[in-house]
Amino acid sequence: MSARNLAHLYRVRLRARWLQECFALVGIAAGVALLFASQVASESLTSSVAELSHGITGRATLQLLARAPQGIPESLLGRVRSLSAVRSAAPLLEASARASGPKGSESVQLVGAEASLRSLGGALIAHTELEPFAGIGAILLPAPLARHIGVVKFGREATLQLYGRSLKAPLYRQLTERQIGGLIDSPIVVAPLFYAQELAGLPGPVSRILVRPRPGREAQARAELVRLAGSSAAVQSTGYDEQLFAKAAYATNQSTLLFAVISALVGFLFAFNAVLLTLPQRRRLIADLRREGYPPSAVLAVLVTDALLLGVVACALGFVLGDELSLHLFRSNPGYLGSAFAVGSQRTVGWQAFVVALAGGILAALAAVLTPLRDLFARDPLAATSGRERALGSSTVAVLSLAGLLALGVATAVLLLAPSAAIAGMVVLVAALLLVLPAVLAGAIRGLERLARLRTGVVGHVAAMELGAARARAVAVAATGAIAVFGAIAIQGAHADLLRGLEDAARDENAFTDLWVAPPGAYNLLRTAPFPAGDEARLAALPGVRSVLPYRGGLLDWGARRVWVIAPSAQASPLLPASQILEGRLRSAEAAVRAGTGVVLSQALASEHHLRIGDLVTLPAPSPLTLRLAATSTNLGWAPGALTMSAAAFARGWGPDLAAYNMLLAPGVHQGVVAGEVAAALGSSSGLAVQTAIAHENEQNALSRQGLQRLSEIATLILLIAVLAMASAIANMVWQRRPRLAKLKLEGFPRAELWRMVLLESVLLLAVGCLTGAAFGLYGQQLLDRALANVINFPVVHSVALLPALISLAIVTAAAAVIVAVPGYAAAGVPAAVALQD
Amino acid sequence: MLECRELVKVYPALGGEPVRAVDGVSLTVAAGEMAALYGPSGSGKTTLLLIIATLLEPTSGSVLISGADVSSLSERQASAFRLRQLGFIRQNFDLMPGVSAIDNAALKLFKDLPWRRARERVAPLLERLGMGERLDHPAETLSMGERQRVMIARALSSEPSLLLADEPTGSLDTQRSREVLSLLRELCRERDVAVVLVSHDPLAAGYADSVYALRDGALSDDPGLLAAPVALQRPQ
């Protein structure tokens, strides 16, 4: 059959089934959109870090990284440049800061560079002149950032808070996209190196030296650099930051992908249901074509044309929807990652996202449209015209159930033995859900039959008969709701457990202090800095203050992880977060940490380094620090892992700088009142700010919620899609049944009775699908909880989220039932005479 | 039992003359009598059937069942009439797949009777129709003839006073058609049910006690039209 004839045949047949085709289109498009949007979100997250990294490093492949926050001496630069294997080198000072202006503020990365950086060819200063304002002391801001904080004109001052200092920095000019390309959305403040050093209060040092080796001599350059660096700096490839980020963002990206796959599955089932409604027409078409003598290849071409046209149009629509989703809904990056990495807000739409979503969409269309393919090979060419829907026999249902139980067993094994394979476990669990669903539905229909037999009235009987007659379609409809509710409940449950765990961790982290005095900003405890002399004594002298304790902390690049180091004073009590300890005895661990000899590591970190309680561990601090593993803990909410030691031990490795003061107040003193006095004592020009422990805890909790926002968004979207998918699938099914309803009307059953039948069927389908989905969802929640706790070490509070499950269940069932009631009533109004038309 | 008086049904036609689908039809069918409405396609048979079945309101005239006018009932009243006083048999068997023969036959009784009693009521009817061995067989496993018997059982299950059969043998071979028509006639005579049988099959019309020929919406006494069914030898 020629392409023209195929197109013509498609067009004329489309007139008879355009509504179902539209439903299928929307279903596939929804799946494609979610798959596409989630991939774009994950890809953008990773690529924004990579883009900034490449934009700065250019053709440099090696770098000397300062181990201590104080940096490495600039004088080292000359020695690096003189190495025989080094072609060029450029110094860089980077520091996390908060940039504020009249319109707002934002966490940024201050990048101090000099003209030599241009020799490496990075986008950051390739088209930017640093010389004209060298010596003036001013900053450059990407135009979007400048507009956001309201510092857009030459000479206008932005306030930069960093290292416990608050300084005014004048704007030299805005950077445009033409100058810095993809870095335009990066949260960076660029300054000449000397000025950045001045802002940071670190005259001389730089945080890293980028190195471009001579061609073919990278290994030699690395060896020379290692010899030169000693213990003050680490030699790494320039892609190191990306590796660290990949580890940090792993949990976010994996969970986003998992939930997107579940959403996509719901969307595709939605489509499958819609296409299933056109199954009789397609089977008749196959029979007609075969009767007229067309070979199987021609019939296959007709079906494949159907599938491809549906798939391509649906994918196009899905890409448009997905683009909108990724622009408006999935745009928020987890804020906690921004504390340790310069995460930009640029969006990256890679070809992989297109290919995966397109393949998914086309496959869904093919699977749905090619369902009647077996008619093509039936001995009797007219077999398909019987119009009878293939019923699921009891032996088939039994075999499916058995396979489902087996799959459930596999999922349980994953849960117990290999929680790291949680995604595979979830996929197996979805398979188990789909496999046992026919048996659950058959049981529910039998239950309805029994119930109907106990009562006088036709509604129950007919509802049971109709559901039994269209078992395969009923299973498909119920499966849509089941998977949607499964996804929503598993995600929401795990999300809630994780949030509760993070809240517990935040409570523990604030338990040893009444007030925090630290540089302002959400992640102010992740870097030490030289605090102004005299502050401690002034604060200690304030009325109501019992003591002022030093708090240190920061980020340590250890292997492929950027870990969080927490170092409260040995006098803090409780020193260790009791609820977060997983292995080891709390009392002895606390004693070891207090003595400055012990350290508590996240369990994943301990496992990665094959450490057991009591083993010695050497941390790659600027002055390598050897401590004894006293206990293991959760990751305290930081995905790459955390370690806890005393402030004194920290000082041995990193130096005496501080991250904060912990202030303990006398009993009965109001925290808020003292906080006001502390703020007054520090003065308005101080780079330090005061915060009560409760306010700090609330801020941490808000950040946790923001970090998990994308999961909440996906869970809500799944619920929304579930309602739409179930409602449209059932409404479509009911609408298709009008001729059958007309026959019942012909027998004398009134409209109200037919409507009740339709509603009862719908509610039963919804209830079976949603309840089964809810039960498996609670199981899925346990699987996810275990993976989060055991693999990534998140502080998860294990629970069975029965109430949220019931709420999700009620929302989907009630909303879909209400939506179905309208077309149900319309369908029940079909004239009885329609029954005589066939 | 059934009396149609001067029934007229006019359909408005776009841009042309209105169509008189039924044109002044009057007929009477007594209890236990089987009347055949015979005529070519487009003669108005189905429209007349729809009017008698309360599915279509006539433009004028009336339909009396046991003396009561049913030609302008409300939807609710019409439903109740069809459920309790009317049986309907069609060429396409409206059986539910996956549901047993006896449950399919008892469908109308479930409205007012408990499940067990409804089945008890319909079981003898099915046995009388030769379906005693097939009561619990799902509809899709039944032969065409058996399915039509189940439909007859359903139509008679509510003990109606009038039975309308629209091309009841359209899907059956001659042998099965003879069996079904014969059974239908016997049962209706036994139960005093008036039967209106609509068909363009001369064989079906041959079983009727009276034959009404329709042409262009009106009853016709065209001997050519009536000749076919009358010429058929009725089985004894």
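1. Helix 1 of chain B is mostly covered, with seven of its eight residues buried, where a residue is buried if 20 or more other C-beta atoms, placed from the backbone, lie within 10 Å of its own. The buried residues of this helix are Lys45(B), Thr47(B), Leu48(B), Leu49(B), Leu50(B), Ile51(B) and Ile52(B). Helix 1 of chain B is followed by Thr54(B), which has a positive phi near 65°. Helices (H or I, at least four residues) and strands (E, at least two) are DSSP runs, numbered from the N terminus.

2. This is a predicted model, in which local features need pLDDT of at least 70 and side-chain atom pairs count only at pLDDT 80 or more, while totals for chains, interfaces and linings use all residues. Residues are numbered from 1 along each chain as its sequence is written, and chains are lettered from A and ligands numbered from 1 in the order in which they are written.

3. Chain B holds an open sheet of four strands in the order 2-1-4-5, with antiparallel pairing; two strands pair if DSSP finds at least two bridges between them. Strand 2 (19-29) and strand 5 (68-69) of chain B stand at the edges with a single partner strand each, so one side of each is left without a neighbour in the sheet. Strand 1 (residues 2-11) and strand 4 (residues 60-65) of chain B run antiparallel and are joined by five bridges, and Arg5(B) stands opposite Ser62(B) in strand 4 of chain B.

4. As for the interface, 27 residues of chain B are in contact with 23 residues of chain A, contact being defined by C-beta atoms, placed from the backbone, that lie within 7 Å. Helix 1 (45-52) and helix 2 (75-84) of chain B each supply at least two residues of the side that touches chain A, and helix 2 of chain B gives the most, with six residues.

5. Chain A has 26 helices and 19 strands, and 56% of its 838 residues count as buried. Along its principal axes, the C-alpha trace of chain A spans about 95 × 65 × 50 Å.

6. Within chain A, the axes of helix 25 (residues 751-790) and helix 26 (residues 802-828) come within 9 Å and cross at roughly 155°, the axes being lines fitted to C-alpha atoms, for helices over the stretch in contact, and the angles running from 0 to 180 degrees between N-to-C directions. That makes helix 25 of chain A roughly antiparallel to helix 26 of chain A, a description that applies to angles over 145 degrees.

Key. Parallel < 35°, antiparallel > 145°, perpendicular 65-115°, else oblique. Contact = placed C-beta atoms within 7 Å. Buried ≥ 20, exposed ≤ 12 C-beta atoms within 10 Å, placed from the backbone.
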